[in-house]
Structure formats: C-alpha cells, structure tokens
Amino acid sequence: MMNRFGIEERRRKRSMLVLSILGALIIITFIISMNTGYIRLSPLDVIKTLFGMGTDKQELILFDFRLPRIVISVLIGAGLAVSGCVLQGVSRNALADPGLLGINAGAGLAVILFVCFYPTTSTVPVFLLPLLALLGAGLTALLIYGLAHKKNEGVSPTSLILTGIAVAAGINAAMIVLTLTLSPEQYQFVATWIAGSIWGTTWKFVLALLPWIIVLLPYVIWKANLMNVLNLSEHTAAGLGAPIEAGRRKLMFAAVALAGSCVAVSGGIGFVGLIGPHLARTLVGPKHQQLLPASAMVGSLLVIVADTISRSMSSASIPTGVVVAVIGAPYFLYLLARAKN
C-alpha cells in the first residue's frame, strides 16, 4: 500500500513538472510570437509598446492585430485538444477527433450557410457565430451517433470513426457546392475559413470565444473522475454506480460545444484534437485529472507555434491550418501504423 502511494506521488510530481514546463513553453512562444510577423518588432519595441511608449503604428500592429490572434490561438488550441480528449475517452477510441468525426465540418457548414444568406461578411455578428457552429456541430454529432448506433450493440469505436469520416466527406462536398453560389467577397471569406486561417483576429472574437472556454473547460476537468470510469468496460463502470449514459451525453455535448465554438473562429483547423491528447497522454499518463489540463496546454502550444510559423514564412501568411496539417498528417499515419501492430 505504501509503495502504491509512493508511485502515485511520483506520478503527481512528474505531472506537475510537465505542466510547469508546458506553461513556460507557452509563455516563451507567446513572447516570440509578439515579435514575429511581416512587420517585425524587436523585443525592445514590444516592451515599449506594452508600456505605452511605442509609436501609433507599433500599437496598431501589437494590440489590434497580433495580441488578439495570439490569444485566440491559445484558446482554440486548448478547446480543440480538450474536445478531442473527451471524445477519445467517451468513445474509448484513440483516433477520435472532432475533425475526423465530422463535428468540425458540421460546425463549418452552419457558418457557411449563414454567410450564404447574410448580405455581407464585413459585419458578421461575431457573438452569433459560436451558437450557429454549436447548432451545426450538434446536429452532425446526433446524425453520426444515430447512423453508427446498432440495436442491442450500441456504438462501436470503429463504426463511429467510419461513420464520422463518411458524414464529414458528404458535408465537405456540400460546402464545395455552396461555394459556387457565393459572391467574390463571400467566396474569399469561405476560402479563408476552410483553409484554417484564424480569421477572427479582433478582441470581439476573443470575447465571443472566451465564455465557452471559461465555462466548458472547468466543467470537463471537474468530470475527470467520471471519464476515468468511462474508460473501463461498460459492466465495470455500471458496477461502480457511475451514471454512464447521462455522463456520456453531457461530456459529448461539452466536447461538441468546445469544438463548434472554436471552429467558428478558427476555421477548418484539424488534427489538434488528435495530436494534443496523444502527446499529453505520453507525458502525464492516462488519468484525466492530469491528462485534460496537459491536453489543453499541448493544444495551445501546438496552435500558437503553428500560427507563429505561418506568419513568419512569407508576406502572404500561410494558413495556420495548413501548418498544423503538415505536422498532424504524418502523426496520424504513425498512429494508424502503430494501431495495426
């Protein structure tokens, strides 16, 4: 018994060390990102501007363009990674991810449908977008769950993934058809969104996304014990008295809401919900008390690094989603290859 407590204490200390290192890396990348862009600001210029001693141009670049985008990158990374972690835990499928399951596509379809019928993209009601994305993501999740569910068998992890991929393919085809009816201005907006170029780069978008992250992330972490139980077999979880179906539905709703609200601001950024939880699980282990915060931090670090790279590579900023895909696609293939062995 004492040996078991000793092991748990070592794991807890290791997890705290990992979380501290991840936090430090996020802060360092945050600082580097403020200095990075087509118009470069030196560290001294950034410090002066932060303390109100910069030029009007420097203040415009830092406060109106870079800082909102950097903050949104941190929020999006945390939201998508935790959403993926919840989906993987609830479905007991290591490849579950809001992008692969079609949830991101459903959220995107709702946003694009709105753009098609809204007169202009320049005055899109920012605070309405997360609600529309939640509606699209929720309906898509219900459709996937209904199609994957088999009577007397429930939903198997394999059927869930395959159904999600098929539904996502259909939704993406529908979005391509919709783009043919758009005006040039609307098409530019949709093309930017699909590529995953974090287009919501003002403080209004930060305020629109922040409440969802503030409410849903603590709720999911609060349910960490339930997620640990849900990782067990159905019979074992039921024997422990866990509210399996009710808990699963609530966690699924939280995961869908996180993914939908993030996608409404970020566009089609994929693989974050897949890579973040896997890397975090390698670093801190499978217990969700440590896994969920670590997933959020890994996701934030991944997106802010990808966004910094995208803004530093050329004058025409490469979409952040493309950079994430370059990192995520090989890792996804690695996971598939390992799963076959």
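## Cysteines

Counting a disulfide as a pair of cysteine sulfur atoms within 2.5 Å, the predicted model has zero disulfides. Cys 85 is buried, at 0% relative accessibility, and Cys 262 is likewise buried at 0%, where buried means under 20% relative accessible area, exposed over 50% and partly exposed in between, with a 1.4 Å probe and protein chains only.

## Basis of the values

This is a predicted model in which local features need pLDDT of at least 70 and side-chain atom pairs count only at pLDDT 80 or more, while totals for chains, interfaces and linings use all residues. Residues are numbered from 1 along each chain as its sequence is written, and side-chain values use heavy atoms, with hydrogens and water left out.

The chain has 14 helices and zero strands (DSSP runs numbered from the N terminus, helices being H or I of at least four residues and strands E of at least two). Of its 341 residues, 51% count as buried.

Leaving aside residues up to four places away in sequence, Leu 292 is in contact (heavy atoms within 4.5 Å) with residues including Val 82, Cys 85 and Val 86.

## Helix H1

Leu 25 lies in helix H1, residues 2-34, and is partly exposed, with a relative accessible area of 37%.
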